[in-house]
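Hello,

Here is the structure we talked about. Please open it beside this email and follow along.

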Amino acid sequence: VQLQASGGGLAQAGGSLRLSCAASGSIFSIDFMGWYRQTPENERELVATLTRAGSTNYADSVKGRFAISRDNAKNTVYLQMNSLKPEDTGVYYCYAFIGARSFWGQGTLVTVSS
């Protein structure tokens, strides 16, 4: 599985960004996909997860502001980020799991200014 992330950039606090993660390869074997982020302080946080069945899970810090979704026709998972805060700044990585195997996209930088 190959993952291509895009959509990062600069936003003001209170603004929105949408990240995309396009998957290719053995996508039908993917059990779940999601997003991690690494902050400038090098803290890592699981941001959001979407299972094959459609269940979602979010970090407490983003609940009610972020939404993960997918477009099966485009083999793409999205992370809609609203009401952004400076503490959302970081490098966001999309990932996928097939069983115990993990696959990672390149990071995309999100910077939120106050």
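Let us begin with the disulfide. The link of Cys-21 and Cys-94 is right-handed, with 60 degrees about the S-S bond. Keep in mind that this is a predicted model. The two partners come from distant parts of the chain. Cys-21 is in strand β3 (residues 17-24). Cys-94 is in strand β9 (residues 90-98). They are 73 residues apart. Their sulfur atoms are 2.3 Å apart.

The cut-off for buried is under 20%.

Next, the aromatic rings. A pair of rings is described by the distance of the centres and the angle of the planes. The count comes to six aromatic pairs. Take Phe-32 and Phe-97. Their centres are 5.1 Å apart and their planes sit at 15 degrees, so this pair is stacked. Stacked requires planes under 30 degrees apart. This pair, too, links distant parts of the chain: Phe-32 is in strand β4, Phe-97 is in strand β9, and 65 residues separate them. Phe-32 has a relative accessible area of 29%, so it is partly exposed. Phe-97 is partly exposed as well, at 22%.

Phe-97 also pairs with Tyr-95. That pair is edge-to-face, with 5.9 Å centre to centre and 80 degrees between the planes. Tyr-95 is buried, with a relative accessible area of 2%. Which residues do the ring pairs link into a cluster? They are Phe-32, Tyr-36, Tyr-95, Phe-97 and Trp-104.

Now the charges. Side chains of opposite charge can pair when their charged atoms come close. How many salt bridges does the structure hold? It holds five. Here are some of them.

- Asp-31 and Arg-52 meet at 3.0 Å, N to O. Asp-31 lies in the loop between β3 and β4, and Arg-52 lies in the loop between β5 (44-51) and β6 (56-58), so the pair ties together parts that are 21 residues apart in sequence. Asp-31 is partly exposed at 29%. Arg-52 is partly exposed at 47%.
- Lys-63 bridges to Asp-60, with the closest N and O atoms 3.0 Å apart. Lys-63 is partly exposed at 49%. Asp-60 has a relative accessible area of 64%, so Asp-60 is exposed.
- Asp-88 bridges to Arg-65, with the closest N and O atoms 2.7 Å apart. Asp-88 lies in the loop between β8 (76-81) and β9, and Arg-65 lies in the loop between β6 and β7 (66-71), so this bridge ties together parts that are 23 residues apart in sequence. Both Asp-88 and Arg-65 are buried.

Finish with Arg-37. Arg-37 is found in strand β4 (residues 32-38). Its relative accessible area is 4%, so Arg-37 is buried. Which side chains does it join by polar contacts? One is Glu-45, at 2.7 Å. Another is Tyr-92, at 2.8 Å. Arg-37, Glu-45, Arg-65 and Asp-88 are linked in a network of salt bridges.

Best wishes

Conventions:
Residues numbered from 1 in each chain as written. Predicted model: local features only at pLDDT ≥ 70, side-chain atom pairs only at ≥ 80, totals over all residues. Heavy atoms only, no water. Helix = DSSP H or I, 4+ residues; strand = E, 2+ residues; numbered from the N terminus. Buried < 20%, exposed > 50% of the residue type's maximum accessible area, 1.4 Å probe, protein only. Polar contact = N/O pair within 3.5 Å; in protein donor to acceptor, adjacent residues only side chain to side chain. Disulfide = S-S within 2.5 Å. Phe/Tyr/Trp six-rings, centres within 6.5 Å; stacked < 30°, edge-to-face > 60°. Salt bridge = Lys/Arg side-chain N within 4 Å of Asp/Glu carboxyl O.
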